[in-house]
Amino acid sequence: MRTDRTAGEPVDSGDQEERVLLKHPETASDPAEDAPAASADVVELSALAETPRQSGVGIVAPYDFALDRELWRWAPDDVSLYVTRLPFVPVPVTVDQASALCNGDDVARATRDLLAPEPLVVGYACASGSFVHGADGQDRLRQSILDAGAPAAVTTSGALIQALEALAVRRIAVVTPYVDSVTDRLLDYLADHGVESTSSVGLGLLGHIWKTTYSEVVQAVRDADRPDAEAVFISCTNVLTYDIIAPLERMLGKPVIAANQVTMWAAMQAMGRRPVAHSQHLVDATARSTAA
């Protein structure tokens, strides 16, 4: 077997094809049964067979982020997520917490921690941390990720604006799990970008947001929706939404977009890929426009 190639380097056409024989440990080592063709427990692999490649997305998440698996649901099979968390802050989910989570030095350090496996993009997966200081704060946050060495960068709140622009939506109803002071920062951020908030509903939670149930989110969306709202946005990456986006869109007859959805959608856009989703308007509509 050749050992003078770097891992991942293609096999030279002059190299002789190698056959790797894998035998189950429990298979008896009877010499009479050692012939590969005679054993059903032997698998033949070719060294010239193409090895599946993986592309990577780095994720910088808050210390209390509990929904890693939800992010993975939007990821194609050949895309891996490299997730790291920001330092713990002993405060409830308030403006103070959001401000701490967007500390540029902490975000840069977390970004550098993700660079070894060479992600194609780094996503900052926190809504409040990326809208708490308005449009300028979001720009600074994204730049800190790029300055730390990320090849491309997205933030949840930046992705929200990107998604609204892709859908040509300028008036939205807003659902959050936050107390009013944090929700107000989101409304101010939207106004910075010329997006009108027709109404908002906040659940007033100060912690354990990942425990919010689907039924609570659905009721909040019902309460927040207005006839003049062109879409509904569900904020916070610690709120489960994957399974209810499409049913809510059918119920309301308008797009419903969510924090984790826009984060993964924007990351996939940066890679030239499409997220995995089932009848979610944002994903379907932008896939059609890209194809066109």
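Which helices each supply at least two residues of the lining of the largest cavity? In this predicted model, helix 2 (95–101) and helix 4 (127–131) each do so. The legends below begin with the overall fold and then turn to individual sites.

**View 1. Overall content of the predicted model.** The protein has 292 residues, of which 48% are buried. Its secondary structure comes to 11 helices and 10 strands. Among contacts between residues at least 6 apart in sequence, 73% join residues at least 24 apart.

**View 2. The largest cavity and its lining.** A search of the whole structure finds two cavities of 30 Å³ or more. The largest cavity holds about 140 Å³ of space. Its lining comprises 16 residues, and D64, Q97, I209, C236 and N238 are the ones nearest the centre. By class, the lining of the largest cavity consists of nine nonpolar residues, six polar residues and one charged residue. Rolling a probe the size of a water molecule over the atoms shows where empty space is left.

**View 3. The second largest cavity.** The volume of this cavity is about 40 Å³. Its lining is formed by V175, T176, P177, L203, T212, V217, I234, S235 and V239. Six of these lining residues are nonpolar and three are polar, while none is charged. I234 of this lining is also among the residues that touch the most other members of the largest nonpolar core.

View 4. C236 is placed in the loop between strand 9 (231–234) and helix 9 (245–252). Its phi is positive, about 90°, although C236 is not a glycine. Most residues other than glycine have a negative phi, and most peptide bonds are trans. C236 counts as buried because its relative accessibility is 10%, and buried means under 20%. C236 is also one of the residues lying nearest the centre of the largest cavity.

**View 5. The largest nonpolar core.** This core contains 88 residues, and V57, Y124, L164, I172, L190 and I234 touch the most other members. Helix 10 (residues 259–271) gives the most to the core, with eight residues. In soluble globular proteins, nonpolar side chains tend to be buried together. Not counting residues up to four places away in sequence, L164 touches V169, I172, L190, V195 and I257. Of these contacts of L164, I172 and L190 are themselves among the core residues that touch the most other members.

**View 6. Helix 6 and the residue A168.** Helix 6 (residues 156–166) is largely enclosed by the rest of the structure, because eight of its 11 residues are buried. The buried residues are T156, S157, G158, A159, L160, I161, A163 and L164. Helix 6 is followed by A168, which has a positive phi near 55°.

**View 7. T263 and its contact with T156.** T263 is located in helix 10. With a relative accessibility of 1%, T263 counts as buried. The side chain of T263 is joined to the side chain of T156 by a polar contact of 2.8 Å. Leaving aside neighbours within four places in sequence, T263 is in contact with Y124, A125, V154, T156, A159 and T237. T156 and A159 are both among the buried residues of helix 6.

**View 8. E70, a buried residue of helix 1.** E70 lies in helix 1 (residues 68–73). This residue counts as buried because its relative accessible area is 3%. A polar atom of the E70 side chain lies 3.3 Å from the backbone nitrogen of Y242. The E70 side chain also makes a polar contact of 3.2 Å with the side chain of N260. Leaving aside neighbours within four places in sequence, the residues in contact with E70 are V239, L240, T241, Y242 and N260. V239 is also one of the residues lining the second largest cavity. The C-alpha atoms of E70 and Q261 are separated by 9.1 Å, and the two residues are 191 residues apart along the chain.

View 9. S279 is placed in the loop between helix 10 and helix 11 (281–291). Its phi is positive, about 60°, although S279 is not a glycine.

Key:
Residues numbered from 1 in each chain as written. Predicted model: local features only at pLDDT ≥ 70, side-chain atom pairs only at ≥ 80, totals over all residues. Heavy atoms only, no water. Core = buried A, V, L, I, M, F, W, Y, C linked by side-chain atoms within 4.5 Å. Buried < 20%, exposed > 50% of the residue type's maximum accessible area, 1.4 Å probe, protein only. Helix = DSSP H or I, 4+ residues; strand = E, 2+ residues; numbered from the N terminus. Contact = heavy atoms within 4.5 Å. 1 Å grid on protein atoms, 1.4 Å probe; cavity = no way out; pocket = protein on both sides within 12 Å on 5 of 7 lines; lining within 4 Å. Points joined across faces, edges and corners; volume = space filled by probe spheres on them. Nonpolar A, V, L, I, M, F, W, Y, C, P; charged D, E, K, R; others polar. Polar contact = N/O pair within 3.5 Å; in protein donor to acceptor, adjacent residues only side chain to side chain.
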